Amino acid sequence: MLEVKNLVKTFGDVRAVDNISFSTGQGEIFGMLGSNGAGKTTTMKIFACLLRPTGGTALVNNLDVTKSPLEVKRIIGYLPEMPSLFEKLTGKEFMAMMGTLRGMENESLERRVDQYTKVLEFDDFLDLEIGTYSKGMRQRIAFAASVLHEPPILILDEPTSGLDPRYAKIVKGWIKDYAASGKTVLMSTHVTEIADDLCHQVAVIHKGKIVGMDAPENLKKELGVANLEDVFVTLVEGRT
Ligand code: ATP
């Protein structure tokens, strides 16, 4: 379960997150759809215990991120918007390092690395240094490293960024199955079709505020438009 109540984060004069509240439960995919600079990454960083809120609360399975950061970090997987990887490690070494940091046993670590190597097709580059990878290869390895320990809560900042349509489809299918197995997923995307296809609930965020939140079908019905792109444009246009 993920929940924010009246969450505020300021950076100097900038109100990056301006009093937002939402919650999402087991088996759900919650999508944050927003303009550039809307506060999506900031909200996710608060859940990942990388930033402290200025006001309000953020709970992960009822644990307050400011009071129990170690416990929270143990139960989440976090894919950052721009993952920093170790350029001199191979993909296999990087995943082994991440799994070890997560306290995984060798046997299950190897099994999961094999599993993700098959699903995301790493065979050709798993033993090459990450510094030689293309954007999409880096994203696939970063994605696998963030989910390797199969956490109950996943926080994915633009999970399909840089992926070609085929890998984007594989990752989308994986996220759907993961949530269907009872896990909680919070994700951000700029791609309205992805939010429409995957998310049970979507929050449209603009300048730090939630300007619309509901199931994609309900948002479309309420606004009388055919797709989520028009929901987004209708809700955001004209707001200063
Ligand atoms: P995008 O879709 O462009 O990735 P976003 O919704 O993820 O945007 P954030 O990265 O959360 O947006 O940024 C929200 C606001 O907070 C922006 O105005 C940004 O400039 C500001 N901001 C974010 N991090 C910092 C920081 N460390 N110091 C100062 N300002 C920051």
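Predicted model: local features only at pLDDT ≥ 70, side-chain atom pairs only at ≥ 80, totals over all residues.
The shell around the ligand holds 13 residues, of which Lys 40, Thr 41, Thr 42, Glu 81 and His 190 come nearest. By residue class, the shell is made up of four nonpolar, seven polar and two charged residues. Two elements, strand E2 (14–24) and helix H1 (40–47), each give two or more residues to this shell. The largest share is that of H1, with three residues.

For the backbone, a polar atom of Gly 37 lies 2.8 Å from a ligand oxygen, and a polar backbone atom of Gly 39 lies 2.9 Å from a ligand oxygen. For the side chain, an N or O atom of Glu 81 is found 2.8 Å from an oxygen atom of the ligand. On its own the ligand has 640 Å² of accessible area, and the protein covers 61% of this.

The second topic is the pairing of helix H5 with helix H6. Two packed helices are described by the distance between their axes and by the angle between them. Helix H5 spans residues 135–147 and helix H6 residues 165–180; their axes come within 12 Å and cross at roughly 10°. Because angles under 35 degrees count as roughly parallel, H5 is described as roughly parallel to H6. On the H5 side, the contact is formed by Arg 140, Phe 143 and Val 147, which meet Tyr 167, Val 171, Trp 174 and Ile 175 of H6. The residues of this contact comprise six nonpolar and one charged, with no polar residue.

Notes: Residues numbered from 1 in each chain as written. Heavy atoms only, no water. Near = heavy atom within 4 Å. Polar contact = N/O pair within 3.5 Å; in protein donor to acceptor, adjacent residues only side chain to side chain. Areas by Shrake-Rupley, 256 points an atom, 1.4 Å probe, with all protein chains shown as cover. Helix = DSSP H or I, 4+ residues; strand = E, 2+ residues; numbered from the N terminus. Nonpolar A, V, L, I, M, F, W, Y, C, P; charged D, E, K, R; others polar. Axes fitted to C-alpha atoms, helices over the stretch in contact; angles between N-to-C directions. Parallel < 35°, antiparallel > 145°, perpendicular 65-115°, else oblique. Contact = heavy atoms within 4.5 Å.
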